[in-house]
Amino acid sequence: GVTAPAPTPAAAETPERGASAIAQEFREIVRASGRTKLRMLLVEDNAANLRVTKALLEILGCEVVPALNGLEAVAAYRAGTFDLVLMDCQMPEMDGYDATRLIRQLEATEGRRTPIVALTAHAMAGSRETSLAAGMDDQLTKPLTMAALTAKLTEWLAKGRVSQPAA
């Protein structure tokens, strides 16, 4: 029988090419929403997860402010404004649930509301309800992929639910 030639590396879809196409499409969605980029608060206590997620967000053109625990998250939130918060749930010092409750209390006095998306390794029953009960708006399961992260951010932009750009 005749065997087909192996595809050349140039013709193959590489993860890098896929990511850059996704990133380009996402940047266009962000621009269409009236922004130049999204400003994200990324709360993650695991240094490797923080580096990887920050890199994914930066590939998408986001400005990322990192925080290593809930205490740092609340302090960063007090100091700035964000389009969206990605909040790890299980952290030392102050977990994501307590940090979210404190942020929601701050917002009640300041008249603003920023979407908070839980980052959790637990996709089991009840974890979403726990996140929502703490005041989070949505959930992403770790480990994150570029596709899942982009889909979630696009969903929030499409809803018009990311913090509105300053007038």
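Arg39 and Glu63 form a salt bridge, with their closest N and O atoms 2.9 Å apart (a salt bridge being a side-chain nitrogen of Lys or Arg within 4 Å of a carboxyl oxygen of Asp or Glu). Arg39 sits in strand E1 and Glu63 in strand E2, so the pair ties together parts that are 24 residues apart in sequence. Helices (H or I, at least four residues) and strands (E, at least two) are DSSP runs, numbered from the N terminus. Arg39 counts as partly exposed at 26% relative accessibility, and Glu63 is also partly exposed, at 31%. Here buried means under 20% relative accessible area, exposed over 50%, and partly exposed in between, using a 1.4 Å probe and protein chains only.

Before going on, a word on the model: it is predicted, so local features need pLDDT of at least 70 and side-chain atom pairs count only at pLDDT 80 or more, while totals for chains, interfaces and linings use all residues. Residues are numbered from 1 along each chain as its sequence is written, and side-chain values use heavy atoms, with hydrogens and water left out.

The structure holds twelve salt bridges. One of them joins the side chains of Lys54 and Glu58 at 2.7 Å, N to O; being four residues apart in helix H2, these two are separated by about one helical turn. Arg128 pairs with Asp138 at 3.2 Å between the closest N and O atoms. This pair links Arg128 in helix H5 (residues 127-133) to Asp138 in strand E5 (residues 138-141), ten residues apart. Arg128 is partly exposed at 36% relative accessibility, whereas Asp138 is buried at 3%. There is also a salt-bridge network linking Arg104, Glu107, Arg113 and Asp137.

## Helix H2 and its buried face

Helix H2 covers residues 47-59, and its 13 residues should span 18 Å at 1.5 Å a residue, which agrees with the 18 Å between its end C-alpha atoms (the expected span is 1.5 Å times one less than the number of residues). Leu50, Thr53, Leu56 and Leu57 are buried in H2. Seen down the helix axis, the buried residues fall within an arc of 135°, so they line one face; the arc is that of the directions from the axis to the C-beta atoms. Their cover includes strands E1 (39-43), E2 (63-67) and E3 (84-88), and helix H6 (146-158).

Just after the helix, Gly61 takes a positive phi of about 90°.

## The nonpolar cores

The largest nonpolar core has 24 residues, and Leu57, Leu86 and Leu149 have the most contacts inside it. Such a core is a set of buried Ala, Val, Leu, Ile, Met, Phe, Trp, Tyr and Cys residues joined through side-chain atoms within 4.5 Å. Helix H1 (15-32), E1, H2, E3, strand E4 (116-120) and H6 each give two or more residues to this core, and H6 gives the most, with five. Another core lies apart from it, with 22 residues, among them Val43, Val65, Ala76 and Leu106.

Leu86 touches several residues beyond four places away in sequence, including Met40, Thr53, Leu57, Val117 and Leu149, where contact means heavy atoms within 4.5 Å.

Glu44 is found in the loop between E1 and H2, and it counts as buried at 2% relative accessibility. Beyond four places away in sequence, Glu44 touches residues including Asn49, Leu68, Asp88 and Lys142.
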